[in-house]
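Take a look at the model below. This briefing goes through some of its side-chain pairs, its helix packing, its loops and its surface.

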Amino acid sequence: MTLIISVLEQGLIYAIMALGMYITYKILDFPDMTVDGSFPLGAALSAVLISRGMNPYLTLVFSFGAGLVAGAITGFIHVKLKVRDILASIIMMTALYSVNLRIAGKANLPIYNYDNIYSNGFTNKVLGGALTPYQNLIVILIIVILVKVILDWYLKTKSGYLLKAVGDNETLVTSMGIDKGKIKILGLAIANGMVSLSGSMFAQQQRFFDASMGVGTAVIGLASVIIGTALFGQISVLTFSISVILGSILYKGCVAAAIRFGLQSSDLKLVTAVLFLVILVISMQIEKHQGRKRRKGQQS
């Protein structure tokens, strides 16, 4: 039971990051490596602010804001300075490593003895007793639902439709007299804001910040998005956001199962890489199969 709760907790935390990556990968078609820096950015900021006495829930807002800035800078480098998308994001990712160390003051910052969003006077009182073992999970679930609802609502607004239009047809957006560059910058900002928020939640769950905790974030996010859209995206009753959330949980479950069956924790990155490769291959095969079915349907 403990393993299942742990998988659900981390799967849901990373689901917020994966939803952000859905914006860059699926909507904008932008290979954004900034997330490897914006994830620990949120963690570093939360750890520092909590250690200085700030309300842990407020740190979520500040972390989201910091991610907005990081994503906007990536977009600025790409759009205004004309640097290729992947290079712009790598430049920002590299810069954020030093920024995160500067914020935290050191490579590892523990916050074991401070209140966090999961354990404080309010949550201990409301979710105490029989709910104590599920306290973290309940808090995470509430935040994930809020993020999902807000993101679904935003993508149905005029700004959200423009964001999707930029990914589908840039020429159409330009012909409407709208600056596609500004829309890209906005999308990257929102995506990295969500990634940074996820990093803040992760640091508070683990009760420490580590400078290396962002390594592989992009791979985890992409794997979650691909699993979600490939396996659950074809189910009509599920929205894209639910599919991505389920994909993140399933991905974390696969990694946990691999460790459970004898692999060492030091092999985690290898497991992640192999699992991601398998997911990519399966996803491509599914797309090919669906393409053949569509062609047959058109011919008949």
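Glutamate 170 is partly exposed, because its relative accessible area is 28%, which lies between the 20% and 50% limits. Glutamate 170 also takes part in a network of salt bridges with Lys180 and Lys184. Keep in mind that this is a predicted model.

**Salt bridges around glutamate 170**

- How many salt bridges does a search of the whole structure find? The search finds 3.
- One of them joins the side chains of lysine 180 and glutamate 170, at 3.0 Å from N to O.
- This pair links distant parts of the chain: lysine 180 is in helix α9 (residues 180–206), and glutamate 170 is in helix α8 (residues 170–175). The two residues are 10 residues apart.
- Lysine 180 has a relative accessible area of 31%, so lysine 180 is partly exposed.
- Glutamate 170 also forms a salt bridge with lysine 184, and their closest N and O atoms are 3.0 Å apart.
- That pair, too, links distant parts of the chain, with glutamate 170 in helix α8 and lysine 184 in helix α9. Here the separation is 14 residues.
- Is lysine 184 buried or exposed? Lysine 184 is buried, because its relative accessible area is 13%, and buried means under 20%.

- The side chains of aspartate 152 and lysine 148 meet in a salt bridge, at 2.4 Å from N to O.
- Where do these two residues lie? Both are in helix α6, 4 residues apart, which is about one turn of the helix.
- Aspartate 152 has a relative accessibility of 14%, so aspartate 152 counts as buried.
- Lysine 148 is buried as well, because its relative accessible area is 18%.

**Helices α1 and α10**

- Two packed helices are described by the angle between their axes and the distance between the axes.
- Helix α1 (residues 2–27) packs with helix α10 (residues 217–232) at an angle of about 80 degrees. Their axes are 8 Å apart.
- The angle makes α1 roughly perpendicular to α10, because angles of 65 to 115 degrees count that way.
- On the α1 side, the residues that meet α10 include Tyr14, Met17 and Ala18. On the α10 side, those that meet α1 include Ile220, Gly221 and Leu222.

**Valine 225**

- Valine 225 sits in helix α10.
- Its relative accessible area is 0%, so valine 225 is buried.
- Which residues does valine 225 touch, not counting residues up to four places away in sequence? Valine 225 touches Ala18, Met21, Tyr22, Tyr25, Lys26 and Val244.
- Valine 225 and threonine 94 are 131 residues apart along the chain. Their C-alpha atoms are separated by 24 Å.

**Threonine 24**

- Threonine 24 is placed in helix α1.
- With a relative accessible area of 1%, threonine 24 is buried.
- Not counting residues up to four places away in sequence, threonine 24 touches Asp29, Phe30, Asp32, Leu188 and Ala191.

- Most residues other than glycine have a negative phi.
- Aspartate 29 has a positive phi, near 55 degrees.
- Aspartate 29 is placed in the loop between α1 and α2 (35–51).
- Is aspartate 29 buried or exposed? Aspartate 29 is exposed, because its relative accessible area is 58%, and exposed means over 50%.
- Arginine 207 also has a positive phi, near 65 degrees.
- The loop between α9 and β2 (208–210) holds arginine 207.
- Arginine 207 has a relative accessible area of 25%, so arginine 207 is partly exposed.

**A nonpolar surface patch**

- Which residues make the nonpolar surface patch? Met1, Ile4, Leu131 and Tyr134 make it, over about 400 Å².
- Leucine 131 is found in the loop between α5 (121–126) and α6 (135–154).
- Leucine 131 counts as partly exposed, because its relative accessibility is 37%.

Terms used
Residues numbered from 1 in each chain as written. Predicted model: local features only at pLDDT ≥ 70, side-chain atom pairs only at ≥ 80, totals over all residues. Heavy atoms only, no water. Patch = residues over 30% accessible without salt bridge, like charges linked within 9 Å, V, L, I, M, F, W, Y side chains within 5 Å. Areas by Shrake-Rupley, 256 points an atom, 1.4 Å probe, with all protein chains shown as cover. Salt bridge = Lys/Arg side-chain N within 4 Å of Asp/Glu carboxyl O. Buried < 20%, exposed > 50% of the residue type's maximum accessible area, 1.4 Å probe, protein only. Axes fitted to C-alpha atoms, helices over the stretch in contact; angles between N-to-C directions. Parallel < 35°, antiparallel > 145°, perpendicular 65-115°, else oblique. Contact = heavy atoms within 4.5 Å.
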